[in-house]
Amino acid sequence: MSAAGGGRRDGDRRGRRVRGSMVPEAEFRSYYGRPIIKEPVWTWEVPWYFFAGGLAGASASLGLGARLAGNHRLARAAWTVAGAGGTVGIPLLASDLGRPERFLYMLRMFKVTSPLSVGSWVLAAMGPAAVGAVVSDRLGIFPRLGRAAEVAAGLLGPALATYTGTLVADTAVPVWHEAGRELPFVFAGSAAASAGAAAVLLAPPGDAGPARRLVLAGALLELGAAQAMERRLGELGEPYHQGPAGRLARLAKACTATGAGLVAAGGRRRGVAAAGAALVLAGSACERWAVYKAGFQSARDPKYIVGPQRARMAARQSEQIEP
């Protein structure tokens, strides 16, 4: 009797599965519940380095452009920001490495295929050049050397502003690795917007027109690239909508969009433009922190590792089946 009942119950269960065409949803598990990959070992200095490096790199390019256009007040403001960012960037990176001499170890070789190697050399060259340009301009000494330093730093600026996006994508962290197409554009837009915002705060309103336009262009690029990244990532982009990364991402979008709007509406009205510029700088910092936190959240959850692997396997199988 019990066996027959058990048989009927088993049959009912099988029947329900067949009639409903339901297969138990896969549950992504790892060995003994441990993460499949280790979380990044980076500490709080890294997102601030991303922000400072991007700000310095984009400001150097803005300063060089302003100098060539004859807008010397805007150039002075931009170079001041570039020098400050370059000065802060090296200590932040060295602090994250634990021992300052490790930064010098990374300069023992140059490997063009390594974003970390390229970025270390760019930072080591651009930082002192930006500081030298500021010293020459402020003190009025060695003008030719100062102009040469401006050219060198201005040309290296775009690489410093964007290489960190390539750097994080060159890791095993799924939400970073799978966003390799968009992250450099997110970082480039964020850097440009922050550089323009810093110049708006420091330069006279009458000379800050190019900086205001840079704020708008950078904000549009940052917001557009971030939206495209999250859309293409699909389920893998969930960290940008959940937990600390989600809160930071929403705050970044709100601050950047509102700040850019105020800069555009304020024009030469210093108070309105300054408020907008401050919001844009906050949004840029929050965007770097959102990317940083999203990497940690995706490394903890096995589904963000297993899901993309299965998708790639299914794609390869379908390609093999097709004639």
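The questions and answers below concern a predicted model. Local features are taken from residues with pLDDT of at least 70 and side-chain atom pairs only at pLDDT 80 or more, while totals for chains, interfaces and linings use all residues. Residues are numbered from 1 along each chain as its sequence is written, and side-chain values use heavy atoms, with hydrogens and water left out.

Q: How are the rings of Trp 42 and Trp 176 arranged as a pair?
A: The structure holds 8 aromatic pairs, where rings of Phe, Tyr and Trp (its six-membered ring) pair if their centres lie within 6.5 Å, and planes under 30 degrees apart count as stacked, over 60 as edge-to-face and the rest as tilted. For Trp 42 and Trp 176 the centres are 5.5 Å apart and the planes stand at 25°, so the pair is stacked.

Q: Which parts of the chain does the pair of Trp 42 and Trp 176 tie together, and how many residues apart are they in sequence?
A: Helices are DSSP runs (H or I, at least four residues), numbered from the N terminus. Trp 42 lies in the loop between helix H1 (2-20) and helix H2 (45-68), and Trp 176 lies in helix H7 (residues 174-177), so the parts tied together are separated in sequence by 134 residues.

Q: Which residue lies over the face of Phe 187?
A: Phe 187 belongs to a cluster in which ring pairs link it with Trp 42, Tyr 49, Phe 50 and Trp 176. A charge sits over a ring if NZ of Lys or CZ of Arg is within 6 Å of the ring centre and within 35 degrees of the ring normal. At 4.6 Å from the ring centre of Phe 187, the residue over its face is Arg 288.

Q: How far apart are the end C-alpha atoms of H2?
A: H2 is mostly covered, with 20 of its 24 residues buried. The expected span of a helix is 1.5 Å times one less than its number of residues. For the 24 residues of H2 this should give 34 Å, which agrees with the separation of its end C-alpha atoms, 34 Å.

Q: What is the separation of the C-alpha atoms of Val 118 and Leu 167?
A: Val 118 lies in helix H5 (residues 115-139) and is partly exposed, with a relative accessible area of 24%. Val 118 and Leu 167 are 49 residues apart along the chain, and their C-alpha atoms are separated by 9.7 Å.

Technical notes: Helix = DSSP H or I, 4+ residues; strand = E, 2+ residues; numbered from the N terminus. Buried < 20%, exposed > 50% of the residue type's maximum accessible area, 1.4 Å probe, protein only.
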